[in-house]
Structures are given as C-alpha cells and as structure tokens.
Amino acid sequence: MKFFHKDSFDVKTKGFNDIIDVTGEVISILKKSQINNGALNVFVVGSTVGVTTIEYEEGALSDFKEAFDRVAPMDAFYAHNQRWGDGNGFSHIRAAILGPSLSVPFSKNLIELGTWQQIVLVDFDNRPRNREVIVSIHG
Amino acid sequence: MKFFHKDSFDVKTKGFNDIIDVTGEVISILKKSQINNGALNVFVVGSTVGVTTIEYEEGALSDFKEAFDRVAPMDAFYAHNQRWGDGNGFSHIRAAILGPSLSVPFSKNLIELGTWQQIVLVDFDNRPRNREVIVSIHG
Amino acid sequence: MKFFHKDSFDVKTKGFNDIIDVTGEVISILKKSQINNGALNVFVVGSTVGVTTIEYEEGALSDFKEAFDRVAPMDAFYAHNQRWGDGNGFSHIRAAILGPSLSVPFSKNLIELGTWQQIVLVDFDNRPRNREVIVSIHG
C-alpha cells in the first residue's frame, strides 16, 4: 500500500493572464500513483503565477482577467517597476493574491472536482514563460 | 495508529454570497477520526463557491460581500453571462479568486484555529444550492 | 523513516499590512524534520492575518498594500467597526480574501520555491500583534 507520490510537469504559457487547464496532467499523475484515497496538492513555482479552479470556458476566463484589471491594473503605478524596470509589478501582486497552491481530495483514484470545475494555472507575467507544476499526493 | 481519515457533509445555501460557518461539522469529523496530530484539508466541490476563515459575526460577513462587490460587481459586464445566459458570471470570478480549499493543523485531536477564526463556505452563486464539503485528515 | 513533523514559531508584527518573510523559519523546521520528500503546510492563527508567497522586495511589498487599499480601503464603511468599535473591519476582510494557509512541496529536504518566491505572513490588523505560525510537514 502506497501513501505518497510526487511528480511534476512543465507548462508553456503566453503570460498576460494566460489561463491553462492542467486538470488532465494532474489526473494523469494521480492515476499513475495508484493511491486510492487521499488529497493532492498542486503547486506552481514562481512569483508571477498562481493556481485556482474555474469553469474553463472562454467567457469566464476573460471575466477573470477583467476582475484582476480592477484589483491590480496593468497601468497603475508600481514601486516594483520603478525599482527594477521589468514592468511586471501587476503580475507579482495578482499572483500573491491568488496564491501558488491548491489542495483537492480524491477517492477510488478519481479526483473529486465538480463537473464544471477545472484546475488552472494563471500566468500573470508580462512575457511567455515555462512553468513547473508540482503535484504531491498523500494517501 | 491511524494516519488518514476522510468524510464529507452537505450544506444547503441561499446563494448570493451566503456565508455558512462549517467549523462545527469539520471538528466533528476530526473527533471521529481519532487522529491526534496533523493537518486537515477542507474542500468544497463546485465552481461558484469557495472556502476561507473569517470572524463569524454579522458585520464582517456583510463587509466581506461589499469587498467582492468591488472586485467583481454583480452588474458589471460578464462574457460568461453573454454566452450562457445563466447570470452568474460574477459568482464564477469570486469563487476562482477565493479558492475552494483550505488547510488547518490540529493537535491532540483539537483544531488550531484562533478564537475568532471560523471555517466558512461562501456560496457566490445566484440561486440556492446544495454543496458538498470534503474533509481530508492526514496525521 | 519519518512521515510527519509539526512545529510552530512566533512572529512579532507592526500590523497595518506588515509583511514578514518567514521562509527561513519554515526551512529551519523542514531541516529539523529530516523528512526528505513531501509537502508542508504553513498556517497562521488569527482572523486578521494571512499567508502567501511574493518576491520579497520593498517595491512589491508596497504595491501589495496598494492593491488591498483598492479591494478593502481602510476608510470605507465597515459594519464590523460599527458593531465592535475596534476599527479593524478592513483587516478582517483582507485576511479572509488572502487566506491563512499555504502548501509547498519539498524534495531532498529542500523547499521547492522559486528563486524570487518567499513565504510571507501579512498582518492586516490595525495594531502590533504577536502571531503563531504552524508548520505541518507530511512525507
């Protein structure tokens, strides 16, 4: 009987609030683990990227970007930009608010998400990035 | 010595930012688990609902709704609504920002929340819903 | 072979969105655990404080505060303040949105954060506080 399994995968993004559905990759790692019952953690490495769940349809994805345009507008003043000149101050703030980690339970080796609930990575950076997602499974 | 326990319960909500204190249900599952020391994960199934902790008093609950009225106003334009006509675009965005999962440690079979810190489910949908909350306990 | 370790530490804060880098304390507890591979949970006790990851540099820390000034301004009306008179209504709302918990994987007893990604406690309260941070490590 196994109790712990960990694996990771890479995701290429376009940046600028690019939202990528990673549910398939997470489920694939869960299947391979052969752990029946437990909870898994999805973590994305980096300070300008986050994870959450959302209904993965174009309308909601675009609305999600609109909300972050209210919370941390791209064209607001950012002290980070003034100091470092990389122009991604908004990306850091959005990522810190959303957070880099998410935990989801599973039973009978099946993930317990809702039908319209997908696990997504949101890349807030201002350029294309290659991201590492780490899945830790505890039975 | 047991290391893992999982259970779930249902919550009836009114929707529209209905905030339900589920601390009692979570503690009850923890007690039954007889696991002394570890961390538990609270997960809510669905893409228009989230979990967090808050001081469960009427003022804070009403203020919480006000903040989400700023971030994702009910009467803003939502591409989701235009495509699907179900009018709950704001619900999806609020839920994706808050997130569906939360982890809390426990010691001596007692949950380690602050005195004024309760575990809550927030139903952002635009109608009453029946929600499933899954509690995964790892010792 | 060990599978679970838990420890905690205290952090003195100034309140008012004081952001404290606790990565060093978390890594120190991880080292002591001698668990090689797994995920750890960082939880902060209290309803006016949260945890997340951010690039810990002055610019981003100041920008982070600005974003929460948009979402839950200090000078907005808060029903919580009207009822309790403690003036920290904004603190409760910010903390509930950010959340009190975060999970991070580790391999070979090393935490898997990005180079510019630090674990931080954000104290939103309107006065100095002493906070307890609990680290639960599962191998």
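## Getting started

Welcome! This is a predicted model, in which local features need pLDDT of at least 70 and side-chain atom pairs count only at pLDDT 80 or more, while totals for chains, interfaces and linings use all residues. Residues are numbered from 1 along each chain as its sequence is written, and chains are lettered from A and ligands numbered from 1 in the order in which they are written.

## How the copies are related

## A tour of chain A

Chain A has four helices and eight strands. Both kinds of element are DSSP runs numbered from the N terminus, helices being H or I of at least four residues and strands E of at least two. Read from the N terminus, their order is β-β-α-β-β-α-α-α-β-β-β-β. Along the principal axes, the C-alpha atoms of chain A fill a box of roughly 55 × 30 × 20 Å. Among contacts in chain A between residues at least 6 apart in sequence, 83% join residues at least 24 apart.

Of the 139 residues in chain A, 54% are buried. A residue is called buried if 20 or more other C-beta atoms lie within 10 Å of its own, exposed if 12 or fewer do, and partly exposed in between, with C-beta atoms placed from the backbone.

## An enclosed strand

Seven of its seven residues are buried, so S3(A) is largely enclosed by the rest of the structure. Gly38(A), Leu40(A), Val42(A) and Val44(A) point one way from the strand, while Ala39(A), Asn41(A) and Phe43(A) point the other way.

S3(A) pairs in the antiparallel sense with strand S5 (residues 101–107) of chain A over six bridges; strands pair if DSSP finds at least two bridges between them. In that pairing, Ala39(A) has Pro105(A) as its bridge partner. S3(A) also pairs with strand S8 (residues 129–138) of chain A, again antiparallel and over six bridges, and there Leu40(A) stands opposite Ile137(A).

## Where chains B and C meet

Chain B brings 30 residues to the contact and chain C brings 27 residues. On the side of chain B that touches chain C, the elements giving two or more residues are strand S3 (38–44), strand S4 (49–54), helix H2 (58–71) and strand S5 (101–107) of chain B. H2(B) gives the most, nine residues. That side of chain B has twelve nonpolar, twelve polar and six charged residues. In this scheme, Ala, Val, Leu, Ile, Met, Phe, Trp, Tyr, Cys and Pro are nonpolar, Asp, Glu, Lys and Arg are charged, and the others, Gly among them, are polar.

H2(B) packs against helix H4 (residues 89–98) of chain C at an angle of about 65 degrees, with the axes 9 Å apart. Axes are lines fitted to C-alpha atoms, for helices over the stretch in contact, and angles run from 0 to 180 degrees between N-to-C directions. From H2(B), the contact takes Gly59(B), Ala60(B), Asp63(B), Phe64(B) and Ala67(B), and from H4(C) it takes Gly89(C), His92(C), Ile93(C), Ala96(C) and Ile97(C). By class, this contact has six nonpolar, three polar and one charged residues.

## Helix H4 in chain B

Helix H4 (residues 89–98) of chain B is mostly covered, with ten of its ten residues buried. Among them are Phe90(B), Arg94(B) and Leu98(B). Just after H4(B), Gly99(B) takes a positive phi of about 90 degrees.

Definitions and conventions:
Two residues are in contact if their C-beta atoms, placed from the backbone, lie within 7 Å.
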